[in-house]
Amino acid sequence: MRCFWLLAIITSLSCRLLAAENEAVLTDADRAWLAQHPTIRVGYDPNWPPFSLGDGQGKFSGIDADLLELLTRRFGLHFEFVTHATWPDVYDAGKRGEVDVLVATARTAERERDFLFTEPYLTFPVVIVTRSDEPIVWSVFDLVGRRVAGARGYASTSELQRIYPDLKFQLTDTIEQGLVMVSDRRADAFITNLPNVSFVAKTRGLTNLKIAGVMPQTFDLRYAVRRDWPELVSLLERASSSLSEADRQAVVHPWIRVDYAYVIRWDLV
């Protein structure tokens, strides 16, 4: 299996790490609002590597943890991290008002009834993962009639089920379970974002997996904020937009390495 660093993948797939050149500055209104809300409770999925991971003892790590640490250093924000056993449990805690912000949350029409969403702060390709002995997947429709694993409770899985009703999904509790099922031949493919498969395949030693295709969809990371805190939406967007491309690369790069199956589309050539 050919091994390539993420930099080549970002270039070839135009993986957009969103950034802006303008430096965000906290306004007097921001400072007044933060003085009234000194602690922002952040909910995270403990099983969503490499974006968010929990160690069972309250330790939050991953890309989102590192990004929030960067915002803390630059803007003096104070975050308190909260999680539960599964992502649906964390999401329900947000709906109950037990957390103020959910990290790395996909925006859907249903979720917009419960939260306000920021603009994306990171964007990655969505890819099709198969075993290394499988052929290249030219289109998602090549998977019709095959066993496709997907994590339950995640917006990406729900959206794929809605867009591609002919696909036969086998639901799992975590991304890792789905990839292991493909590796063990209990499923034929898994559809997820590029960082997910890169991190899990490397850390679990799933050396018989490859990225066999790329979906037309992208994975956009957004902050989901309680609906009565629109001030925080604006503050997080301006703080995030102040991060340069180099800032984002420095956070993302240590977490992601990837194996990719390259092929030339001679029919297109």
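A: In this predicted model, helices α6 and α7 cross in a right-handed sense. Helix α6 covers residues 175-183 and helix α7 covers residues 194-204. Their axes come within 10 Å, and the crossing angle is roughly 70°. An angle of 65 to 115 degrees counts as roughly perpendicular, and α6 and α7 are therefore roughly perpendicular to each other.

On the α6 side, the residues in contact are Ile 175, Glu 176, Leu 179 and Val 180. They meet Asn 196, Val 197, Val 200 and Arg 204 of α7. Sorted by class, this contact comprises 5 nonpolar residues, 1 polar residue and 2 charged residues.

Leu 179, one of the α6 residues in this contact, also belongs to the largest nonpolar core, which has 79 residues. Within that core, Leu 179 is listed with Leu 143, Ile 191 and Tyr 223 as the residues with the most contacts. The element that gives the most to the core is strand β13, residues 209-226, with 9 residues.

Strand β9 spans residues 122-131 and includes Thr 130. The relative accessible area of Thr 130 is 1%, so this residue is buried. Leaving aside residues up to four places away in sequence, Thr 130 touches Val 137, Val 182, Asp 188, Ala 189, Asn 208, Leu 209, Lys 210 and Ala 212. Val 182 among these falls within the residue range of α6, while Leu 209, Lys 210 and Ala 212 fall within that of β13.

Helix α2 (residues 28-36) and helix α8 (residues 230-241) have axes that come within 11 Å and cross at roughly 120°. That angle makes α2 oblique to α8. The crossing of α2 and α8 is left-handed, whereas that of α6 and α7 is right-handed. Here Asp 30, Trp 33 and Leu 34 of α2 meet Glu 231, Leu 232, Leu 235 and Arg 238 of α8. This contact consists of 4 nonpolar and 3 charged residues, with no polar ones.

Among contacts in the chain with a separation of 6 or more, 75% are between residues 24 or more positions apart.

Conventions: Residues are numbered from 1 along each chain as its sequence is written. This is a predicted model: local features need pLDDT of at least 70, side-chain atom pairs count only at pLDDT 80 or more; totals for chains, interfaces and linings use all residues. Side-chain values use heavy atoms; hydrogens and water are left out. Axes are lines fitted to C-alpha atoms, for helices over the stretch in contact, and angles run from 0 to 180 degrees between N-to-C directions. Helices (H or I, at least four residues) and strands (E, at least two) are DSSP runs, numbered from the N terminus. Angles under 35 degrees count as roughly parallel, over 145 as roughly antiparallel, 65 to 115 as roughly perpendicular and the rest as oblique. A crossing is left-handed if the near helix is turned anticlockwise from the far one by less than a right angle, and right-handed if clockwise. Contact means heavy atoms within 4.5 Å. Ala, Val, Leu, Ile, Met, Phe, Trp, Tyr, Cys and Pro count as nonpolar, Asp, Glu, Lys and Arg as charged, and the others, Gly among them, as polar. A nonpolar core is a set of buried Ala, Val, Leu, Ile, Met, Phe, Trp, Tyr and Cys residues joined through side-chain atoms within 4.5 Å. Buried means under 20% relative accessible area, exposed over 50%, partly exposed in between (1.4 Å probe, protein chains only).
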